[in-house]
Amino acid sequence: MIRIDGRLYDRPYFDDASNRIAEQIGLHENSTGRYAVCFGDTTEWLSFFFAIRKAGASVLPIHPGTPYAAARKLALTANCDRLFHNGMTAEVLDAREEPPSPGRLLHMSSGTTGAAKCIARSWEEIDREVESYVRTFREPEGMTPVIACPTTHSYGLICGILVALKRDQVPVIVETANPKYLLKVLRETDRPLLYSSPAILHTLSRLLPEGERLYAAMTSGTLLPDPWFTQIRAKSEHLFQQYGCSESGCIAINPDVRAAGDMGFVLPHLTAAAGTGAEDAGEIVVQSEGGAPIHTRDLGYRREDGMLVFVSRMDDMINVSGLNVYPKDVEDAVMAMPAVTDAVAFRKSDRFAGERVALLYSASRPVPAQDIREWCSRHLASHQLPMEMIQVAEIPRQANGKISRREVAARHAAGEFNTTAAGVAS
């Protein structure tokens, strides 16, 4: 059973809906088609998903807010042969001919470090991830999963819905982004475990009245800035964190987060190699039994207790005259400043140093860039200081809550970000 915006849909409902869809679109056992599905209605989307999964075919979930032209482009990139966009009539696409293969869950990578690409994971891989997740992460067994993130993304679909169904729980799906409504749902739910984005968790922690706490929350997708982490941790009885990548799914889970960078313990169906300490961080490389190594492009290390600790994205690191700058260090320092609400540090070319740090920040009031510079000079080394600081109304984030520093840098280079009264310092 699944509860979607207050309405309960039982197993027979989804069985009937999936059978109806299979008959309408010609799905049969051992189908080999690749179907791109974009539906604004979550119930219809999940009915499609269960029908395609049962048939053993492949499906590309597309975020419900994606317009037709963009959805079609994603479907072609993933080599899908049919696109369903808010309707039962399929558009037949000119897919490249491929030999028949087992069904797969298709996802587009986030594109935070380059052009998005299609990731194809077999249903056997998905089942193995879910089994490992449920067997290892036991804390939520008595909780009610509340999914306030896209169910077309693996975080909501696999870790939220499929894990809950494996545990014989009833997942609660909240489609609205209204934080006040989400708080209402959490208050009405028995021991809720919230799956959502860091931005939503931060907003909720600020809305909660004195003395009230979230029962449990899961964070994933992007590292929490230290000021956000401190506030969310103080407002949560239980705070969990999971770490993963598009190619492997969930890699590690932390059952009791005490520091933002502590990603968790590696799930038993995977092995992970990384650095040996904070001063010897190395790329995190994961592998499943019999599978090829997956290079995450993340820097991290394993503590003696097995905890996987994240340091930085390799592609985000900024090299200033031969000295490494991790953007999170800059962002944490800036966001500790009163009135600053969010920040992103990114790479900018420099004729003398090779690269320098640039910064976008948002605040609850105009904050002059010179004030940012003076604050940073007291909390950062000279090579970490931003050379350019621009106040914006809101830091640009992707639909999954992540920040693409590559995209921010490109938009900045194109002159997209206008300065406010706070001005620019260079």
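## The cavity

Searching the whole structure, a predicted model, turns up 1 cavity of 30 Å³ or more. On a 1 Å grid over the protein atoms alone, a cavity is a set of points where a 1.4 Å probe fits but cannot get out, and lining residues have an atom within 4 Å of a point. The largest cavity has a volume of about 40 Å³, where volume is the space filled by probe spheres set on the points, with grid points joined across faces, edges and corners.

Its lining includes Pro140, Met143, Cys159, Arg167 and Tyr195. Helix H5 (154–166) and strand S11 (192–195) each give at least two residues to this lining, and H5 has the largest share, with 4 residues. Helices (H or I, at least four residues) and strands (E, at least two) are DSSP runs, numbered from the N terminus. By type, the lining has 8 nonpolar, 2 polar and 1 charged residues; Ala, Val, Leu, Ile, Met, Phe, Trp, Tyr, Cys and Pro count as nonpolar, Asp, Glu, Lys and Arg as charged, and the others, Gly among them, as polar.

## The second largest pocket

A pocket is an open set of points with protein on both sides within 12 Å along at least five of seven lines. Helices H1 (11–25), H2 (42–55), H4 (123–136) and H5 are the elements that supply two or more lining residues. This lining divides into 11 nonpolar, 2 polar and 8 charged residues.

## Helix H11

An α-helix has 3.6 residues a turn, so residues three or four places apart point the same way.

After H11 comes Gly415, which has a positive phi, near 80 degrees.

## Cysteines

How many disulfides (pairs of cysteine sulfur atoms within 2.5 Å) are there? The count is 0. For Cys38, the nearest cysteine sulfur is that of Cys80, 12 Å away. Cys38 is buried, at 0% relative accessible area, and Cys376 is buried too, at 1%.

## Notes on the model

Residues are numbered from 1 along each chain as its sequence is written. In this predicted model, local features need pLDDT of at least 70, side-chain atom pairs count only at pLDDT 80 or more, and totals for chains, interfaces and linings use all residues, while side-chain values use heavy atoms, leaving out hydrogens and water.

Key:
Disulfide = S-S within 2.5 Å. Buried < 20%, exposed > 50% of the residue type's maximum accessible area, 1.4 Å probe, protein only.
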